[in-house]
Amino acid sequence: MDKLDSMAAVCDFDPIAGKIPATKVEITVSLVVLYTQGVETKQWREFGRTEVIDNTLDPDFVRKYILDYFFEEKQNLRFDDFLGQVFCTLGEIVGSPASRLEKPLGGILGKKCGSIILSAEELGNCREVATMQFCAHKLDKKDFFGKSDPFMVFYRSNEDGTFTICHKTEVVKNTLNPVWQAISIPVRALCNGDFDRTIKAEVYDWDRDGSHDFIGEFTTSFRDLSRGQSQFNVYEVSGEEGRVGGRALTQFVSQRRNPSQSTSLHYMNPYQMNAYAMALKAVGEIIQDYDSDKMFPALGFGAKLPPDGQVSHEFPLNGNIENPYCNGMEGILEAYHQSLKTVQLYGPTNFAPVVNHVAKYAAAVQDGSQYFVLLIITDGVISDMAQTKEAIVNAAKLPMSIIIVGVGQAEFDAMVELDGDDIRISSRGKLAERDIVQFVPFRDYMDRTGNHVLSMARLAKDVLAEIPEQLILYMKSRGIKPCLLPPLNEEPDPEDQDLTQTTPV
């Protein structure tokens, strides 16, 4: 395996990143100032500004915004320029077709002020930096004095056939044979870790009024550029008024990143459990007493799985597809901690697959002999609301209940809607047969005195409060009665066995 292949392997899938419940995305924008809103304070703070581009109504900014996309949070954004402003969420951009969102600028009332185009791309794990130098000769684009003021612009290709600007050189004045300064640029800015991704370079002649004239262009790839100065890196730049040769020289600087972040809700603190583990333990230890064998299937959703980084929304925490069962709460916690070391957390956040997964088993046992309880621990954001509503409406006819515990400081409006206490949940005009969802925010049960034992006991009590009523309502609606237990030391009459049906305690 050569150096390039080994680098690509590192960039494709990074299990260690599983400790970070966030994905870095690069926002390409046709505007000037970005503001982000704090989760708790709701105050707008300036995040960054693009460069100024003169004399154009269609600016293409090189400077990008690199944001942590927490797919479990609602991240409000505001973009301002002198014409107006646009409000949206980061999830709205990421979730748009091809992750490209166009919105009109809100400026002067009754006047069209243009639109803003926002595009997002997940950044790979590559941390390499490429150092390159380009030169050109025999430029045919000349001014009145027989010279040019050339500069180069580099673009990376996108899946939809468009290109995103990623670098612009300086202007070299009064020459037909420019040698531009060496540039150092992150590899992920050029190709985002895909070494065969098309890179387009355009050459322009700068005019003193700030405009520029097109000279020509050529295409290449990072793999080709990495060969350095050779015959393979001499390019003919095709343009309207002639051709020009170009050369490239590349070198690499490798870096490693530290994946541990104490701000993560999944952060494994050696001195105390994280919010996920605390919620799981508090509720699970109560539920497990109502299961005879204490063997529980535990599923994760929203992660890239080894070895190829395939995204899954219903994967076994213990890594065993054939046998996802864990032995008691300790087994579940152990599988959870182990999964953080082997998978990479990834959006979107889909609930429907796990709801349908449990519903499939509940549908097979509707005689009252079993009742299923699905415990979902989430940090709030849901990407498949419509599908989840439909899944819950269908599950309401089955012997199952759903408990949702929200962790973190995100807004839980969607979870409250799924709860259905105030308005019965519906899908496609069909109301759920009964309320089967109970939601509680974990933060409401954090004892300020640090007495987690009492706090977790109160959490478990409130979370499980509706389960008995939901179970009884299902049994009554199906005419299922509890079995009559025989007196102590008396064997049951075999002839009576077909007259009764059992429900679990």
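Gln310 in β20 is the bridge partner of Leu305. This comes from a predicted model, so to speak of local features a pLDDT of at least 70 is needed, side-chain atom pairs count only at pLDDT 80 or more, and totals for chains, interfaces and linings use all residues. Numbering runs from 1 along each chain as its sequence is written, and side-chain values use heavy atoms, with hydrogens and water left out.

Strand β19 (residues 303–305) pairs with β20 in the antiparallel sense over three bridges; pairing here takes at least two DSSP bridges between two strands. Strands (E, at least two residues) and helices (H or I, at least four) are DSSP runs numbered from the N terminus. The two strands belong to an open sheet of three, ordered β20-β19-β23, with antiparallel pairing. β20 (310–312) and β23 (344–345) sit at the edges with a single partner strand each, so one side of each has no neighbour in the sheet.

Now for the helices. The axes of α5 (residues 275–287) and α6 (residues 328–342) come within 10 Å and cross at roughly 160°. Axes are lines fitted to C-alpha atoms, for helices over the stretch in contact, and angles run from 0 to 180 degrees between N-to-C directions. α5 and α6 are therefore roughly antiparallel to each other, a label for angles over 145 degrees. On the α5 side, the contact (heavy atoms within 4.5 Å) is made by Tyr276, Ala277, Leu280, Lys281, Gly284 and Glu285, and on the α6 side by Met329, Glu330, Ile332, Leu333, Tyr336 and His337. Seven of these contact residues are nonpolar, two polar and three charged; Ala, Val, Leu, Ile, Met, Phe, Trp, Tyr, Cys and Pro count as nonpolar, Asp, Glu, Lys and Arg as charged, and the others, Gly among them, as polar.

Strand β10 (residues 150–157) is mostly covered, with eight of its eight residues buried, meaning under 20% relative accessible area with a 1.4 Å probe and protein chains only. Pro150, Met152, Phe154 and Arg156 make up one buried side, and Phe151, Val153, Tyr155 and Ser157 the other. β10 runs antiparallel to β13 (residues 198–206) through seven bridges, with Arg156 partnered by Ile199 of β13. Five bridges tie β10 to β11 (residues 163–168), again antiparallel, and Val153 has Lys168 of β11 as its bridge partner. In the β10 and β11 hairpin, with five residues between the strands, Gly161 takes a positive phi near 90°.

Notes. Angles under 35 degrees count as roughly parallel, over 145 as roughly antiparallel, 65 to 115 as roughly perpendicular and the rest as oblique. Buried means under 20% relative accessible area, exposed over 50%, partly exposed in between (1.4 Å probe, protein chains only).
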